[in-house]
Amino acid sequence: MIVLLMGTVVGRVLLLRRTGTRAMHFGKIDKTDFLLPPVALFYFYSLFASAFGWPLAITDRFFRSTAAAWVGVGLCVGGVLILAVSLASFGSSFRVGIDTDQPGRLVTTGIFAVSRNPIYVGFFLFLYGQFLAFPSWTTVVALAFAAVLFHRQVLREEAFMRQRYGQEYAEYCGRVRRYM
């Protein structure tokens, strides 16, 4: 599922590149974003290590439950589906990071009529599902770290969109919740 999740995002970035849209703006505004790739690599290794029995410093799980693991798989599938629907709704306005030069149009239809940040909701559901499937310190720390980083990024994006789209964005915020 993680390969499918990441493949969906990378596929969209590459597809937009073909049309001349530069969709990757990660770290352009805030240079502290350089800390994220090493943390992400550690997380991915830990996740695959849990799944395939590779060496880990901490191997203890909080609990073992087949039912919880299957609920986790369901949440992972749901997270990927929300991400895919979000990318379809975004169309050519999808960006990773904040594009101050060519931000695209404000998207308020499709899944964005239900949540202003469905991509983050999808990622969070995915990570929560992984925690239920692999309940360890690695996944709980990743879940907490991701929640803080997602919210931080949402606040940065909202500040940019308030400045860029003005009253149209304010009205959208009045109609649609930030997350769910």
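The model is predicted, so local features were taken at pLDDT of at least 70 and side-chain atom pairs only at pLDDT 80 or more, whereas totals for chains, interfaces and linings use all residues. Residues are numbered from 1 along each chain as its sequence is written, and side-chain values use heavy atoms, with hydrogens and water left out.

The secondary structure of the chain comprises 6 helices and 2 strands, where helices (H or I, at least four residues) and strands (E, at least two) are DSSP runs numbered from the N terminus. Along the sequence these elements follow the order α-β-α-α-β-α-α-α. Of the 180 residues in the chain, 39% are buried; buried denotes under 20% relative accessible area, exposed over 50%, and partly exposed the range in between, with a 1.4 Å probe and protein chains only. Among contacts (heavy atoms within 4.5 Å) with a separation of 6 or more, 77% link residues 24 or more positions apart.

An unreviewed UniProt entry places the feature "transmembrane region" at residues 34-57, 69-94 and 134-155. UniProt positions are given in the numbering used here, feature names are shortened, and annotations may be inferred rather than shown by experiment. In the model, residues 69-94 are 85% helix and 0% strand, with the end C-alpha atoms 32 Å apart. For residues 134-155 the corresponding values are 86% helix and 0% strand, and the end C-alpha atoms lie 30 Å apart.

Two packed helices are described by the angle between their axes and the distance between the axes. Axes are lines fitted to C-alpha atoms, for helices over the stretch in contact, and angles run from 0 to 180 degrees between N-to-C directions. Angles under 35 degrees count as roughly parallel, over 145 as roughly antiparallel, 65 to 115 as roughly perpendicular and the rest as oblique.

Helices α4 and α5 pack at about 175 degrees, with their axes 9 Å apart, and are therefore roughly antiparallel to each other. On the α4 side the contact consists of Y120, F123, F124, L127, Y128, Q130 and F131, which meet T139, V140, L143, A146, A147, F150, Q153, V154 and E157 of α5. By class, this contact contains 12 nonpolar, 3 polar and 1 charged residues. In this classification Ala, Val, Leu, Ile, Met, Phe, Trp, Tyr, Cys and Pro are nonpolar, Asp, Glu, Lys and Arg are charged, and the others, Gly among them, are polar.

Helix α5 (residues 137-165) also packs on helix α6 (residues 167-175), at an angle of about 130 degrees and with the axes 6 Å apart. The angle makes α5 oblique to α6. Here E158, M161, R162 and Y165 of α5 meet Q167, E168 and Y169 of α6, giving a contact with 3 nonpolar, 1 polar and 3 charged residues.

F131, in helix α4, is buried at 13% relative accessibility. Apart from residues up to four places away in sequence, F131 touches F62, F63, S136, T139, V140 and L143. The C-alpha atoms of F131 and R61 are separated by 10.0 Å, although the two residues are 70 residues apart along the chain. F134 is located in the loop between α4 and α5. Its contacts, leaving aside neighbours within four places in sequence, are with L47, S50, A51, R61 and T139, and the C-alpha atoms of F134 and F62, 72 residues apart along the chain, are separated by 8.8 Å.

T138 lies in helix α5 and is buried, with a relative accessible area of 15%. Beyond four places in sequence, T138 touches F42 and S46. S46 belongs to helix α2 (residues 36-52) and is buried at 1% relative accessibility. With the same exclusion of sequence neighbours up to four places away, S46 touches L56 and T138. S46 and T139 are 93 residues apart in sequence and 8.3 Å apart in space, C-alpha to C-alpha.

S115 occupies the loop between β2 (96-97) and α4 (118-133) and is buried, with a relative accessible area of 4%. The side chain of S115 reaches the backbone oxygen of Y179 at 2.5 Å. Not counting residues up to four places away in sequence, S115 touches V121, Y172, V176, R177, R178 and Y179.

Methods:
A polar contact is a pair of N or O atoms within 3.5 Å; within protein, one must be able to donate a hydrogen and the other to accept it, and residues adjacent in sequence count only if both atoms are side-chain atoms.
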